[in-house]
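I hope it is handy to have open beside the coordinates.

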Amino acid sequence: HSFPTRRSSDLPELVNLGLSEMLGATATQEYRMPSSQAGIPARLSQNEFLYLKEHLQILYGGCEDLPEFSHDEAEAENFFEEHRKSFVSGNPISLVSLYDNHDARREIEMDIRSHVQRLLDQGLTRSVIVEIRHSPGTGGSTIARRVVWDLHKTHPCAILEITSSRYYFDDDNTLSTKFADRISALEELCHTSPLILIDGKHSGLIEALSNKLVRMLCNKGKRALLLRCKHGSKSTKRVAQESSHVHHVFDVNVKLEDSLADLNEFQSKYKEYIAQSLSESQEQKLCRVFHFPLLAMMEEFQPKLKGIIEDTLDEMGGIQQEMAMVVAFLQKYANHVTPAFLLYEAFKGYIRVTGDKPITYKDIRHLFTEHLLNLMVPTDPPRPKGRLSIPEKAPLESYTLQHPLVADLVLKKVLQVQECDLFGIVNKFLQLPIYQHECFLPLFEELFLHNKYGRKIKFSV
């Protein structure tokens, strides 16, 4: 596949870049990215950008897309606070949150950034992989995004997010070829090796896909650095290196306490959230606070977290416990968010609305109590958009528990209360009236064909 491009003359490419920069303004939208020449950006046309954007999130100059605040400090503060709350409540960190430094810096993050920057500055002789291996919920994805963000002003950077199990069925390499073509195009447009973060919820797939991609890029004579983020730990590391293209593997600590610097930074960055979460003055009715990812990251707070979850479940009605169980089950064993539409199909018989208004899937919120919402958060909630954002159709609502540890604790408590085992929960899930909807097929694929660690689980086929 070729990508759309424009050439104004037969001059060498780098001279062309310099002339374009000096001659300046253009009537069409352009996206600036670093090139091999410091101070002379590569300018991507709208067509080139759209071609790359089809499969990559491109970190061009200004990609955080801040709105114009018209000197209104309160409006600006609210904009950033919405992104901060979303991140601290367990959602993936946004570009705005990276821009405004909502994450706590980690020691290993600096090591990874230095290693990646050194490889890029020295110049790659071939495409290579640097791996960040981490347990779910330990901050590996945030660290990876911070590294890419910090380098995107000096090196062309992009993110390849693996969001769908359909990538498992790429036997003819159709999708892999599209990815490789766009990474190759980014290198050609910027005249230097790009940094590509490969991340997502399908960890077993990420390993296979990145190994395939690096081979395809090498066969094309292209040089890119693939920073892959996958689940695992030192104890699961294989004796043999999984690919000769893996240049280095970084393990993210499971315990924040393993690094005093990390612990101090964490407590300093989020002191008001931690204080609120551990306050003994909370009323019996648990208030909604953004504390679970914070408490889960710090071992000393885990007994408190366990107590909050058990007390919350004890206060819930049976329907809310069942909902929490479904969300926790899909999060732990399918590594998948729970669509509000699924909850609606499963529990719509319990929804009561006033008047003759027809019931829709959004009415499932009538069954969400404060206690349930103390555990569960919307994924990718609506956040303030920037001035360049293209209006998009609002995605169907989905929910997840705030942290993988929360899902574990909820399932353990439900198993205990209901005196059943994992197969009992699987059986309950299979009895939900959801087979007639094609949109739920990915859930079944993730549960019964694949899983987040790339190996079979007890009830998979």
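**Notes on the fold**

1. S5 and S6 pair in the parallel sense, with six bridges between them; strands count as paired if DSSP finds at least two bridges between them. Within S6, isoleucine 198 is the bridge partner of leucine 160. Helices (H or I, at least four residues) and strands (E, at least two) are DSSP runs numbered from the N terminus.

2. A word on the basis: this is a predicted model, where local features need pLDDT of at least 70 and side-chain atom pairs count only at pLDDT 80 or more, while totals for chains, interfaces and linings use all residues. Residues are numbered from 1 along each chain as its sequence is written, and side-chain values use heavy atoms, leaving out hydrogens and water.

3. The sheet that holds this pair is open and has six strands in the order S3-S5-S6-S7-S4-S8, with mixed pairing. Strand S3 (57–58) and strand S8 (246–251) are at its edges with a single partner strand each, so one side of each has no neighbour in the sheet. Helix H6 (residues 140–151) lies across S4, S5, S6 and S7 and runs at about 160 degrees to S6; axes are lines fitted to C-alpha atoms, for helices over the stretch in contact, with angles from 0 to 180 degrees between N-to-C directions.

4. Helix H8 (residues 203–219) has 17 residues and spans 25 Å from first C-alpha to last, close to the expected 24 Å, which is 1.5 Å times one less than the number of residues. Its buried residues include Leu205, Ile206, Leu209, Leu213 and Leu217, where buried means under 20% relative accessible area, exposed over 50% and partly exposed in between (1.4 Å probe, protein chains only). The buried residues of H8 pack against strands S4, S5, S6 and S7 and helix H7 (174–190), contact meaning heavy atoms within 4.5 Å. Just after H8, glycine 221 has a positive phi of about 80 degrees.

5. How many residues of helix H14 (residues 340–347) are buried? Eight of the eight are, so H14 is largely enclosed by the rest of the structure. Among them are Phe341, Tyr344, Glu345 and Phe347. The cover over these residues includes helix H13 (318–334), strand S9 (338–339), strand S11 (398–401) and helix H18 (441–448).

6. Do have a look at the aromatics. There are 12 aromatic pairs, counted when ring centres of Phe, Tyr and Trp (its six-membered ring) lie within 6.5 Å, with planes under 30 degrees apart stacked, over 60 edge-to-face and the rest tilted. Phenylalanine 329 and tyrosine 333 make a tilted pair, 5.7 Å centre to centre with 45 degrees between the planes. Both lie in helix H13, four residues apart, about one turn of the helix. Phe329, Tyr333, Phe429 and Phe444 form one aromatic cluster. Phenylalanine 329 is buried at a relative accessible area of 1%, and tyrosine 333 is buried at 18%.

7. Phenylalanine 368 and tyrosine 399 form an edge-to-face pair at 5.1 Å centre to centre, with 80 degrees between the planes. This pair links distant parts of the chain, 31 residues apart: phenylalanine 368 sits in the loop between H14 and helix H15 (370–375), and tyrosine 399 in strand S11. Phenylalanine 368 is buried at 11% relative accessible area, and tyrosine 399 is buried at 6%.

8. For the overall picture, the protein chain has 18 helices and 11 strands, and 52% of its 461 residues count as buried.
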